[in-house]
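Grab a pencil and work through these exercises with the structure open beside you. Try each task before reading its solution.

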Amino acid sequence: MSVMSKLKESMVCLTAWRVTLPYPVQAQPVPANFRGRPIFDANKCIGCAGCANNCPAREILVYDVCQEVRIVKYLGRRCTYCGRCADVCPEKAIKMSHEYENGTNAVTDISQKLDIFMSTCQRCGRCFKGSQVLDALKMKGYRFDDLQNDRWVFHSQAYLEGEPTVDDIKIELEG
Amino acid sequence: MDTNLLTMILGGLANVIVVLLVAPFFQGILRKVTARIQSRQGPPIRQPYYDLFKLLGKEDIESGVSPVMQRFATYLSLATILTVGCLVPMGFKAPMNGAGDAILLVYLLTLSGICMLLAGLAAGSTYSLVGISREMMAMLTLEPLFAITIVIGALHTQSFRIDTVFSGAVYQAAGLPVSGIIMLGVMLLSFQAFVQRVPFDMTEAETEIMEGPLMEYSGPKLAIFKYAQMAKLVVFSALFIGLFVPWGSDLIFPFGWILFWVKVFILVLMVTVLAATHARYRIDQAIRYFAALLAVGFVALILASNGF
Amino acid sequence: MDARERLNQLKEKFGHAIVRADQPNDSRLYVYVEPSVLKAVCRYVFRDLDARYVISIGADDRQFSGNFLVFHDFAFDKDKILCSIITPASPDNPKVDCISDIVPAASWAEREISDMFGIEPVGHPYLKRLILPDGWPDGLHPLRKDMDWNHVPKEYDETREFKFGETPAGCTVVPFGPFHPTLDEPAHFRLYVEGEVVRGCEYRGFMVHRGIEKLAETVLSYNDIPMMAERICGICGCVHSVAYVQAVEAGAAIKAPPRAEYMRSIMLEIERLHSHLLWVGLACHLVGFDTLFMQSWRIREPIMWMAEKITGNRKTYGLCLVGGVRWDITPELRTELRALLDKLEAEWQPVVAAVVKDKNIMKRTRDVGVADKKQCKEMGLVGPVARAAGVDIDCRRDHPYAAYDRVDFDVITHDTSDVWGRVVVRAKEVFESIKIIRQCLDKMEPGPLMLEIDGELPVGRIGISSVEAPRGESHHFVITGENNKPRRWRVRAPTYQNLQGVPGMIKDQMIADMTISLGSIDPCFSCTDRLETIDLKSGVTKVWSQDELFKMVRARIK
């Protein structure tokens with residue numbers, strides 16, 4: 001009978017009376033392996049650029065000022081909080097924090113810049129081996145991402161050889 | 001004569017003011033109880049007041065085909081409902097008793113329905129036209145039910161005066177008031193449609209035709225329409241109570257008055273629970289339903305005219 | 001019959017026109033045919049051998065074999081085979097015979113091949129633009145290898161319009177979308193109505209086409225793509241990432257470790273649970289029954305919390321990599337998950353029991369949005385839409401992947417072919433998913449989560465994978481490639497096929513039923529549109545460009 005169904009359906013509410021949570025008055029706790037904003041620890045970072053190579057959104061830029069100094073810059077604009085950077089980091093220098101209230105109108109609040117002093121390998125200058133062959137295939141040697149304009153630059157080898165570099169986020173409309 | 005006129009006017013004003021003050025409160029109760037049935041917190045009971053203030057303070061944008069007609073339809077809808085409020089007894093005798101009779105009441109109610117049609121036509125968008133075609137079809141089958149009730153009351157008491165019709169006239173047949181009981185059942189089954197709530201709110205089905213006739217209304221015009229809808233809930237409850245459950249209204253003030261509002265509260269709760277537990281009917285299904293009720297109503301009318 | 005026997009059948013009929021056949025295992029078959037017999041082969045496979053049409057794919061192989069390639073994927077569900085009929089198209093002025101007249105379900109796929117590669121399907125009954133915007137210049141095809149991924153054509157013409165068909169006699173046009181409360185993502189359905197009854201419909205969508213297939217070939221790499229794949233859809237993202245890595249693994253002939261397969265199955269079923277509970281609530285909301293909407297979503301919420309505990313996020317699990325998974329279920333989480341499933345079952349059973357007997361909901365959903373068995377075959381409809389019509393297909397049983405070959409479950413079908421059937425199918429599949437998760441938790445053995453991959457993945461191999469999303473079969477096609485990225489990646493979401501069935505479903509139904517019919521296929525698409533107005537008096541239609549819209553809106557507000 002339809003009336004019985006309707007009565008049963010309205011009684012469903014009695015199993016759980018009021019479930020509305022009082023957010024944002026009360027902050028909601030998150031589970032232990034919640035993936036919030038990544039925090040980079042400059043003290044642990046060895047400048048391997050594994051995080052930059054494995055970021056699917058290309059949001060971590062790397063720039064070599066000279067043989068000894070490398071800048072690693074996390075932009076955070078398109079970051080999807082996937083946690084690949086934290087997985088790949090050999091020194092566990094990246095932690096996916098529990099911060100999820102990341103809204104801000106100044107992107108500089110989120111971006112993090114690390115100046116890393118690199119010690120050089122005697123033979124080739126510097127080395128990094130990825131844990132998986134698929135990750136190792138992304139080695140790029142010297143890095144010259146465009147920090148002025150916050151742009152990822154592909155094929156830094158091409159940069160050295162003077163080939164035109166491929167632009168990223170900013171697409172200039174001509175005419 | 002002068003004091004009579006004065007009491008009439010003051011009484012009418014009192015009714016109007018009470019309706020205006022109290023209508024959003026009942027709407028708030030409706031929303032709160034619906035929320036609790038849905039296991040959520042729901043807005044505070046004062047929320048409809050806040051909503052109306054907010055809408056009234058917004059810019060009055062002119063969209064739609066005929067803005068003049070839109071404004072006219074808006075004001076007319078609230079005005080007709082409030083006029084009905086003046087005529088109906090709400091806890092004490094109907095203030096404007098001599099000013100009109102039950103036939104006027106029926107016409108005013110039809111007029112308030114027509115305001116919705118005017119509103120949709122004046123807006124002129126595809127979805128509002130679809131909405132008013134639904135409204136027209138529904139009105140044709142629905143309004144007669146109310147008229148039949150009044151006529152039955154009038155037949156029993158041989159008078160169209162509002163104070164006689166609205167003191168349980170439907171029950172005043174000789175012996176068992178069969179027609180009265182039938183009409184009680186019919187009106188209970190169709191009350192939801194008169195106040196335009198689920199399952200009979202297909203004219204403004206949000207998910208299907210995007211608010212239908214009210215599509216081009218925003219800001220103050222929308223506030224007045226919403227106000228009219230809230231007032232409709234209270235006024236129709238008052239009509240229902242006056243017709244079918246009038247006992248206790250002749251207690252001295254304030255007891256009769258309080259009892260009246262308790263009855264309205266119970267009726268609003270019934271509307272809420274029904275609205276929360278049903279899916280919306282399609283227009284053709286709803287019309288079949290109303291047509292069946294209309295047939296039953298005609299049977300009751302025939303019984304009444306033979307003294308039952 | 002296994003793949004070898006099917007191949008022999010084809011060889012018997014077509015002999016030397018079959019240039020080459022690859023058969024990596026019993027359940028995959030790749031048949032290269034000459035262009036002249038393509039139509040005959042497809043007709044034989046679709047009609048005589050009664051295979052199900054899956055998708056047609058184009059690929060730019062000019063660097064390697066010198067030609068374009070066109071693939072037509074079919075499925076022999078009873079034999080558990082996925083097969084692909086492949087034919088080349090010449091590099092200058094490529095043309096292939098169209099198969100849409102024999103296989104109506106191929107209509108969109110061939111339009112897409114024509115838009116993206118410029119391969120003309122000769123004889124297509126409705127060759128209008130599908131993916132590319134109307135102003136896109138002719139002759140420029142995005143998925144060709146010689147076009148850059150971030151090229152913006154200067155010759156874009158903003159004023160060019162999409163030519164809709166003629167309005168049938170006696171009908172007015174009701175535009176449905178792009179802004180409509182029912183649709184979460186905008187799309188444009190042009191309904192031809194007579195009073196309240198829909199007589200016809202034309203669809204224009206794909207306006208927020210994100211170009212992920214181009215990105216995958218150029219900018220991303222093998223392990224980046226799963227992160228993007230799970231953002232294809234906001235509800236069934238895990239399905240796409242699993243299907244992609246399975247396709248790559250199939251092409252490279254590697255296999256993820258058993259524990260990873262169990263993890264994938266568990267997360268897929270958790271996704272199916274939350275998706276079906278969401279949909280039942282949404283369907284109730286569409287018919288105006290908000291109480292059941294709120295209650296279903298309340299019952300669903302603990303599943304989202306559980307997913308967050310296991311993977312770190314409610315929806316974008318970030319689960320898969322090529323060769324394994326990233327997250328594990330600890331013993332504490334296992335106990336919690338079991339308790340959650342018990343509670344879910346206990347709460348959902350009374351709701352289903354109440355809904356199944358509810359005449360009010362039945363009245364709104366019986367004989368609405370009907371898609372019978374014949375339509376399912378012709379238009380290639382999949383998922384609960386097909387199962388509600390009595391078509392017994394389910395990729396978990398027909399093309400087993402992950403751990404589904406090691407668990408028992410029933411495939412729920414119904415026989416009413418309408419929205420009501422889909423409600424019942426989805427409500428009951430919740431219990432099957434709970435059963436599967438319980439079995440996986442029992443059978444999981446400790447072990448590695450990730451395969452150790454030595455060396456690069458082989459190049460130029462084809463891999464296909466069909467995964468049962470909550471909406472139907474999600475089919476991914478990968479050609480492995482150089483530089484750690486695929487050469488071609490094609491995603492076919494189930495809604496791609498189901499949307500093609502919508503015009504048939506809503507014909508001769510009322511406008512009020514349009515929304516619930518569309519909602520019943522559980523559409524999962526992202527697009528947006530321009531605004532179209534139809535002057536009812538004069539019958540003139542006008543498509544407004546962005547500039548005109550701005551001017552009009554600003555002029556109105558005084």
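**Exercise 1. Find how far apart the C-alpha centres of domain 1 and domain 2 of chain C lie, then describe the side of domain 1 that touches domain 2.**

Solution. Bear in mind that this is a predicted model.
- Step 1: the C-alpha centres of domain 1 of chain C and domain 2 of chain C are 27 Å apart.
- Step 2: get the bounds. The domain assignment puts domain 1 of chain C at 3-162 and domain 2 at 212-492.
- Step 3: count the contacts. On the domain 1 side 21 residues take part, and they touch 21 residues of domain 2 of chain C.
- Step 4: look for the elements on the domain 1 side. Those giving two or more residues are strands E2 (28-33), E3 (52-61), E4 (67-76) and E5 (81-89) of chain C. E3(C) has the largest share, with six residues.
- Step 5: sort that side of domain 1 by class, and you get 14 nonpolar, two polar and five charged residues.

**Exercise 2. Are H7(C) and H8(C) roughly parallel or antiparallel, and which residues meet?**

Solution. 
- Step 1: take the axes of helix H7 (residues 258-286) and helix H8 (residues 290-311) of chain C. They come within 8 Å and cross at roughly 165°.
- Step 2: an angle over 145 degrees counts as roughly antiparallel, so H7(C) is roughly antiparallel to H8(C).
- Step 3: check the hand. H7(C) passes H8(C) in a left-handed crossing.
- Step 4: pick out the residues. Among them, C:Ile270, C:Leu273, C:Leu277 and C:His285 sit on the H7(C) side, while C:Phe293, C:Trp297, C:Arg300 and C:Met304 are among those on the H8(C) side.
- Step 5: the contact of H7(C) with H8(C) splits into 15 nonpolar, four polar and two charged residues.

**Exercise 3. Is B:Ile61 buried or exposed, or something in between?**

Solution. 
- Step 1: locate B:Ile61 in the loop between helix H2 (47-56) and helix H3 (67-87) of chain B.
- Step 2: count neighbours. B:Ile61 has 16 other C-beta atoms within 10 Å. Buried takes 20 or more and exposed 12 or fewer, so B:Ile61 is partly exposed.
- Step 3: B:Lys221 is 160 residues from B:Ile61 along the chain, yet their C-alpha atoms are 9.2 Å apart.

**Exercise 4. Sketch the order of elements in chain A, then say which of them touch chain C.**

Solution. 
- Step 1: chain A has five helices and five strands, in the order α-β-α-β-β-α-β-β-α-α from the N terminus.
- Step 2: of the 175 residues in chain A, 25% are buried.
- Step 3: turn to the contact with chain C, which takes 32 residues from chain A and 35 residues from chain C. On the chain A side, the elements giving two or more residues are helices H1 (2-11), H3 (84-88) and H4 (133-136). H1(A) gives the most, with five residues.
- Step 4: by class, the chain A side has 13 nonpolar, ten polar and nine charged residues.

How values were computed:
Residues are numbered from 1 along each chain as its sequence is written. Chains are lettered from A and ligands numbered from 1 in the order in which they are written. This is a predicted model: local features need pLDDT of at least 70, side-chain atom pairs count only at pLDDT 80 or more; totals for chains, interfaces and linings use all residues. Two residues are in contact if their C-beta atoms, placed from the backbone, lie within 7 Å. Helices (H or I, at least four residues) and strands (E, at least two) are DSSP runs, numbered from the N terminus. Ala, Val, Leu, Ile, Met, Phe, Trp, Tyr, Cys and Pro count as nonpolar, Asp, Glu, Lys and Arg as charged, and the others, Gly among them, as polar. Axes are lines fitted to C-alpha atoms, for helices over the stretch in contact, and angles run from 0 to 180 degrees between N-to-C directions. Angles under 35 degrees count as roughly parallel, over 145 as roughly antiparallel, 65 to 115 as roughly perpendicular and the rest as oblique. A crossing is left-handed if the near helix is turned anticlockwise from the far one by less than a right angle, and right-handed if clockwise. Domain bounds come from an automatic or database domain assignment.
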